[in-house]
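Colleague: Could we go through this structure together? I would like to learn how to read its helix packing and a few of its residues.

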Amino acid sequence: MTMQRDAVVADVIRLVSSISEDWDFDDAITENTRLFGDLNWQSIDMVVLAHDIQAHYRTTFPFATFFERMAVRDTPGVTIGEISDFILESLDAGKLSSTT
């Protein structure tokens, strides 16, 4: 499955916005928005986003691998762009299982 990055970024922004709609955040949510830094997310919010992403794409993603990669790098936080790239990599790898 090949998707355009812009479409995936738009999907993730929409999903993040739906989770964060009642929160006090006045800036635009972009691919550079840091979930834990800019939006002050907690780990449970990321769990909800992971669930929503899998429901949206009807696919199980290897989020444990993604979180392991994020934990060992020097730059703190996770951006919408990084999550979008992870989704694209996973979809392009073609080793995902459908949830339908």
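Predicted model: local features only at pLDDT ≥ 70, side-chain atom pairs only at ≥ 80, totals over all residues.

Colleague: At what angle do helix α1 and helix α2 pack?

Modeller: Helices (H or I, at least four residues) and strands (E, at least two) are DSSP runs numbered from the N terminus. Axes are lines fitted to C-alpha atoms, for helices over the stretch in contact, and angles run from 0 to 180 degrees between N-to-C directions. Here α1 (residues 5-20) and α2 (residues 43-57) pack at about 130°, their axes 10 Å apart. The pair is therefore oblique; angles under 35 degrees count as roughly parallel, over 145 as roughly antiparallel, 65 to 115 as roughly perpendicular and the rest as oblique.

Colleague: Which residues of α1 and α2 make the contact?

Modeller: Contact means heavy atoms within 4.5 Å. From α1 come Val 8, Asp 11, Arg 14, Leu 15, Val 16 and Ile 19, and from α2 come Asp 45, Val 48, Leu 49, Asp 52, Ile 53, His 56 and Tyr 57. By class, the contact of α1 with α2 has 8 nonpolar, 1 polar and 4 charged residues. In this scheme Ala, Val, Leu, Ile, Met, Phe, Trp, Tyr, Cys and Pro count as nonpolar, Asp, Glu, Lys and Arg as charged, and the others, Gly among them, as polar.

Colleague: How does α2 pack with helix α4?

Modeller: α2 and α4 (residues 80-93) pack at about 40°, with their axes 13 Å apart, and are therefore oblique. The contact joins Met 46, Leu 49, Ile 53 and Tyr 57 of α2 to Ile 83, Ile 87 and Leu 91 of α4. Its classes are 7 nonpolar, no polar and no charged residues.

Colleague: And which residues of helix α3 and α4 meet?

Modeller: Phe 63, Phe 66, Arg 69 and Met 70 in α3 meet Glu 82, Ile 83, Phe 86 and Glu 89 in α4. That contact of α3 with α4 has 5 nonpolar, no polar and 3 charged residues. As for geometry, α3 (residues 63-71) and α4 pack at about 135°, with axes 11 Å apart, which makes α3 oblique to α4.

Colleague: Is Phe 86 buried or exposed?

Modeller: Buried means under 20% relative accessible area, exposed over 50%, and partly exposed in between (1.4 Å probe, protein chains only). Phe 86, in α4, has a relative accessible area of 3%, so it is buried. Leaving out residues up to four places away in sequence, Phe 86 touches Phe 61, Pro 62, Phe 63, Phe 66 and Arg 69.

Colleague: Where is Thr 59 placed?

Modeller: Thr 59 belongs to strand β1 (residues 59-60) and counts as buried at 10% relative accessibility. A polar atom of the Thr 59 side chain lies 2.9 Å from the backbone oxygen of Tyr 57.

Conventions. Residues numbered from 1 in each chain as written. Heavy atoms only, no water. Polar contact = N/O pair within 3.5 Å; in protein donor to acceptor, adjacent residues only side chain to side chain.
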